[in-house]
Each structure stands twice: as structure tokens, then as C-alpha cells.
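Student: Please walk me through this structure, one point at a time.

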Amino acid sequence: MHKTKLFSAALVAAGSLFATQSALAYGAGDFFVRGGIAKTDVKSDNGSAAGQDLDISDENGFYYGVGYIFHDKLGLELSGTEKFEHDLALENAGGIGSADRMPVNLMLNFYPLGGTDNKVQPYIGAGVNYTRFSGEDTVLNDVQIDDSWGATGQIGVDLAITDNLMLNGFANYADVDADIDLNGDRVGEAEVDPVTIGGGVTLRF
């Protein structure tokens with residue numbers, strides 16, 4: 001009887017230990033939300049408009065992400081940022097106004113340490129980017145920047161503070177090229193191709 005009680009207690013202790021260890025691991029069935037501050041740097045050569053080189057400013061803002069892990073090492077993530085208001089300038093005319101850019105990414109993430117008891121959970125992802133341009137406010141009449149579709153990729157890491165709270169950091173690249181129209185006619189192309197670096201928190205549940 002005494003041995004049976006000891007054996008039962010050992011099983012309970014082992015089960016508790018396993019639950020504690022596995023709680024820190026990313027695993028199939030987990031959902032997460034994340035958010036924080038991001039800085040987006042556009043490429044140095046931003047295309048042209050009306051025969052002149054175009055310059056698009058770098059900006060800062062908030063980012064977000066929501067995701068579901070359907071396998072210990074694989075998950076889907078929908079992410080994006082608030083609208084970034086970019087200043088626009090032409091080579092010979094200087095500043096001409098601004099336009100808003102709002103990206104949305106859908107990515108498949110790979111977690112090499114998913115399913116293991118590791119507080120540090122790196123990930124790498126790839127997928128598709130949709131970028132909507134709006135709010136064009138320039139000295140030129142009726143300027144419109146078309147929406148863009150392109151490839152996107154990211155690398156990131158989550159550092160577990162508790163079972164549900166993690167610190168997050170990431171770097172994302174998106175292929176963003178959009179036609180520029182003036183009074184309904186194409187006059188150039190905006191080549192943005194931003195690299196976005198961010199940091200914040202992830203909540204897992």
C-alpha cells in the first residue's frame with residue numbers, strides 16, 4: 001500500500017513537471033496576438049514620377065499580428081501596421097505632398113524549436129503582402145497610387161516571460177511596387193520595398 005501511494009505521488013509529480021515544461025513551448029492549437037512599435041525603411045531608389053526621380057520618406061508606427069499554430073513547428077500569421085503617412089518629393093520640385101500606405105501580410109511561419117521546452121522561440125516566415133495606398137495629398141492634381149501585391153518574408157523571435165506573455169522582435173521585407181496615375185494616365189511607379197523592424201509583446205493562449 002505504501003509503495004502504491006509513492007508510485008501514485010511520483011506519477012502526479014511527473015505529470016505536473018511535464019505540464020510546466022510544455023506550457024512554455026509553442027505547440028499545435030496555440031493562438032497568439034502581438035503588437036508594438038515598428039520602423040519602416042523604404043529602399044533608397046523609389047522609382048520615378050512625371051520623368052523625375054521620386055523620394056519616399058521612412059516612417060514609424062504601430063504593428064500588429066494574429067496567428068494560429070496548427071503544427072508544433074508551423075503556423076499562419078496575419079500581420080500589418082497602422083497607416084504610415086509618407087512624405088513624397090520629386091528630384092527637381094522638392095516636396096510635393098504625402099500619401100498613406102497600409103500593408104497587410106499573410107505568412108506561413110516555421111518555428112524550429114516549436115514543441116520543445118525553450119523560452120526562446122525563433123521563427124521565419126514567408127507569404128504574400130497586400131499594400132493599400134490612400135489619402136494622396138499633393139500639389140499635383142488628381143494623383144493616385146495603385147494598390148500593390150507582392151511577396152513578403154520575415155524573421156523574428158519570441159522570448160517567454162510567463163506561460164502566456166512573451167517579448168517579441170522581428171524584421172520584415174515586402175516587395176511593394178505601385179503604379180502612379182496623374183489625371184487617369186500612368187506617369188510613373190513607386191518602388192517602396194520596405195524593410196520593417198519592430199519590437200513589442202506577444203500574448204499566447
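**Pairs, cavities and loops**

Student: What relative accessible area does D179 have?
Tutor: Buried means under 20% relative accessible area, exposed over 50%, and partly exposed in between (1.4 Å probe, protein chains only). D179 is partly exposed, because its relative accessible area is 25%.

Student: What kind of model is this?
Tutor: Residues are numbered from 1 along each chain as its sequence is written, and side-chain values use heavy atoms, with hydrogens and water left out. Local features need pLDDT of at least 70, side-chain atom pairs count only at pLDDT 80 or more, and totals for chains, interfaces and linings use all residues, since the model is predicted.

Student: How many helices and strands does the protein chain have?
Tutor: Both are DSSP runs, numbered from the N terminus: helices are H or I over at least four residues, strands are E over at least two. The count for the protein chain is one helix and 14 strands.

Student: What share of the residues is buried?
Tutor: The protein chain has 205 residues. The buried share of them is 39%.

Student: What share of the contacts joins residues at least 24 apart?
Tutor: A contact means heavy atoms within 4.5 Å. Take the contacts in the protein chain between residues at least 6 apart in sequence. The share joining residues at least 24 apart is 65%.

Student: How many salt bridges are there?
Tutor: Side chains of opposite charge can pair when their charged atoms come close. A salt bridge is a side-chain nitrogen of Lys or Arg within 4 Å of a carboxyl oxygen of Asp or Glu. By this rule the count is seven.

Student: Which residue does D179 pair with?
Tutor: The partner's closest N and O atoms to those of D179 are 3.3 Å apart, in a salt bridge.

Student: Which residues form a network of salt bridges?
Tutor: Some salt bridges are simple pairs, such as K39 with D41 at 3.5 Å, N to O. The linked network joins R34, E77 and D158.

Student: How many cavities of 30 Å³ or more are there?
Tutor: Rolling a probe the size of a water molecule over the atoms shows where empty space is left. On a 1 Å grid over the protein atoms alone, a cavity is a set of points where a 1.4 Å probe fits but cannot get out, and its lining residues have an atom within 4 Å of a point. Grid points join across faces, edges and corners, and a volume is the space filled by probe spheres set on the points. The search of the whole structure finds three.

Student: Which residues lie nearest the centre of the largest cavity?
Tutor: The volume of the largest cavity is about 180 Å³. Its lining takes in 20 residues, and β4 (59-71), β5 (74-81), β7 (94-110), β8 (120-138) and β11 (165-174) each give two or more. Nearest the centre are S79, T81, N105, F170 and N172.

Student: How many charged residues line the second largest cavity?
Tutor: Ala, Val, Leu, Ile, Met, Phe, Trp, Tyr, Cys and Pro count as nonpolar, Asp, Glu, Lys and Arg as charged, and the others, Gly among them, as polar. The second largest cavity holds about 100 Å³ of space. Its lining includes A50 and L182, and divides into eleven nonpolar and one polar residue, while the charged count is none.

Student: What is the phi of A50?
Tutor: Most residues other than glycine have a negative phi, and most peptide bonds are trans. A50 is found in the loop between β2 and β3 (52-56), and is exposed at 52%. Its phi is positive, near 55 degrees.

Student: What separates the C-alpha atoms of A50 and L182?
Tutor: Along the chain, A50 and L182 are 132 residues apart. Their C-alpha atoms are separated by 8.6 Å.

Note on methods. 1 Å grid on protein atoms, 1.4 Å probe; cavity = no way out; pocket = protein on both sides within 12 Å on 5 of 7 lines; lining within 4 Å.
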